[in-house]
Amino acid sequence: MEDSNAEVVIAGIGITEISRDSGVSSAVLATRAITSALADAGLSTRDVDGLVTYEADPTSPFLLAQLLGLPELHWYSVTLAGGGGACATFQDAALAVSTGLASHVVVYRAENMRSGRRFGQGISDSDAGAAQAVLRQVFTYGSVTPAWWEAPTFHRYLHDYGKTNADLAHVVVSARRWAATNPAAHFHGRPLTMDEHQTSKWIAEPVLRIHDCCLESDGGAAFVVTSAERARDLKAKAVRIRHAARGMGHRSTLMQNYYARDIAGLPDLDVVAKKLYERTGLRASDFDAAILYDSFSPLVPMSLEALGFCNRGEGIDFIADGHTSPGGLLPVNPNGGQMGEGYLHGFNGIVEAVRQLRGTSVNQVHDVNRMIVTSGPALPTSAMVLQGY
Amino acid sequence: MTAANLVAGQPRFIGPDVDDVNRFFFDATRDGRLAFQKCRSCAEWWSPPALACFNCGATEFDVVTTGGRGFVHTYAIPRRPSAALIDENIVFAVIELDEGVRYFSRLMDVDPSVVNFDMRVVVRFVPAETGALVPVFVPDRGDE
């Protein structure tokens, strides 16, 4: 990391098919992703001495160590905050590698989130686990899905800046343009029109329609994190982790930002962006493209604003002007994102970031060298800066 | 959550579990009062229940009853998936009480299509699964 002893890189990526029914267990999906990431790097399971995933992954590092016959592990962790923990896994892995606690840490995430447990169908008190105490008030009133938790905040955002759900169509149309040319995307070959968006069913009226929500998918992805020095002898082109940060905003609550002074923002991402920019000396204009966590369409403009790509309240106009779309100034989610490609809790976007920085994406952006990547931003969250060589 | 949870005509409220952190709140609702914690040091109100003031960190507080009136700060009407709906015509709302403290709740006795920002509302109390009384809000017609 920027201020650590050793430069840390992503030296291998692996991703399974993203489907609606994988036909295998989440554990098998995880092993497939990991095996593929190791093959990409030119490593074997004998080289792995660390495993990191994040909250809600059904397969623990210990089970994977058993299933893959791993040697001694010197590092393992599970970062918190559900999808908000996606980039925090890279922070954990990078800390372990840069301090010499581990050599090759595999970061993974795999689950059958369409054929198995579906977040969008309602989460029970028991599913919420440790988050239950924070969520129990919304459960009491019958608010049991992420879309319903976040909709009141999104509604205030739209209201404060004179927008409606019809304006959100621009966000989804942009995502679907990217997905249309990605053969791995659920919506490959199927762009969306503004009319199709506006006639789709309400999930939370008058805020979110079904097209404003991410897909639910089966699949897994994994990465090999190691030092730049070790990566020089490996097979794949390495991508540098310039910095990764995590943070929780003052008065943050999980996916129901009802008590912050400004209910229409992303206070957790504000904290993380400030830290990321302080530690790297970078700012929004330094990025060539972005992977923004898009479980719901309003999160894309809100994240653009929190990261400083535009002023507060201008995110939707920025997208409507075409800046995030193919050929735009700031390509966002060139894989089609989680509304277009599939929902792997943020990890498929990170695979896309590495492919972009290697120059191997199916939707390759020209002259891309530095990218910002975010995680679920409406709860304690994390983000990172990735850079090519 | 399944459709079987939906009992026609009878509003349903899940839980709530009452413990040593939130007991003050449900002791008050039993008396027909909507009360929140208020910092003895800096006079900040807070919600949800906490053991220290988010504003200044002080741990001494009073439980103070509000007037139970406020306005809709934001809202959303859940529509799908229908299997997760525990009632018909639910309106989720974040209420800002006149004292400045916010509370997430449901609007009752109102046509969802007429709900809007800044609509005036007043608290009512209804029984939940555990027997605790939970606050809901109805349009404030200025009577009583």
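Trainee: So helices (H or I, at least four residues) and strands (E, at least two) are DSSP runs, numbered from the N terminus; how many residues does helix α1 of chain A have, and how far does it reach?

Mentor: Helix α1 of chain A, residues 26-41, has 16 residues and reaches 23 Å from its first C-alpha to its last, which is close to the 22 Å expected at 1.5 Å a residue. The expected span is 1.5 Å times one less than the number of residues. Before we go on, keep in mind that this is a predicted model, in which local features need pLDDT of at least 70 and side-chain atom pairs count only at pLDDT 80 or more, while totals for chains, interfaces and linings use all residues. Residues are numbered from 1 along each chain as its sequence is written, and chains are lettered from A and ligands numbered from 1 in the order in which they are written.

Trainee: Okay, and which residues of α1(A) are buried?

Mentor: The buried ones include Leu29(A), Ala30(A), Ile34(A), Ala37(A) and Leu38(A), and also Arg32(A) and Asp40(A). Buried means 20 or more other C-beta atoms within 10 Å of the residue's own, exposed means 12 or fewer, and partly exposed is in between, with C-beta atoms placed from the backbone.

Trainee: What covers them, and what follows the helix?

Mentor: The cover for the buried residues of α1(A) includes β1 (8-15), α2 (61-67), β4 (105-112) and β7 (218-227) of chain A. After the helix comes Gly42(A), which has a positive phi near 80 degrees.

Trainee: Switching to the two chains: how many residues are in contact between A and B?

Mentor: On one side there are 31 residues of chain A, in contact with 33 residues of chain B, where contact means that two C-beta atoms, placed from the backbone, lie within 7 Å. On the chain A side, the elements giving two or more residues are α5 (132-140), α6 and β5 (202-205).

Trainee: Which of those gives the most?

Mentor: That is α6(A), which gives six residues to the side of chain A that touches chain B.

Trainee: Where does β5(A) come in, I mean, which strand is it joined to?

Mentor: Two bridges join β5(A) to strand β4 (residues 69-78) of chain B, and these strands run antiparallel; strands pair if DSSP finds at least two bridges between them. In this pairing Ala204(A) stands opposite Pro78(B).

Trainee: Is Ile77(B) in that strand buried or exposed, and what is it in contact with?

Mentor: Ile77(B), which is found in strand β4 of chain B, is buried because 21 other C-beta atoms lie within 10 Å. Leaving aside neighbours within four places in sequence, Ile77(B) is in contact with Ala204(A) and Glu205(A) from chain A, and with Ile90(B), Val91(B) and Pro112(B) from chain B.

Trainee: What about the three-stranded sheet in chain B, what is its order?

Mentor: The order of this open sheet is β2-β1-β3, with antiparallel pairing. At the edges stand β2 (45-46) and β3 (61-65) of chain B, each with a single partner strand, so one side of each is left without a neighbour in the sheet. Five bridges join β1 (residues 35-39) to β3(B), and Phe36(B) stands opposite Val64(B).

Trainee: Last topic: which peptide bonds are cis?

Mentor: One of them runs from Glu205(A) to Pro206(A), with omega near -5 degrees, and Pro206(A) lies in the loop between β5 and β6 (208-209) of chain A. Another joins Ser47(B) and Pro48(B), with omega about 0 degrees, and Pro48(B) lies in the loop between β2 and β3 of chain B.
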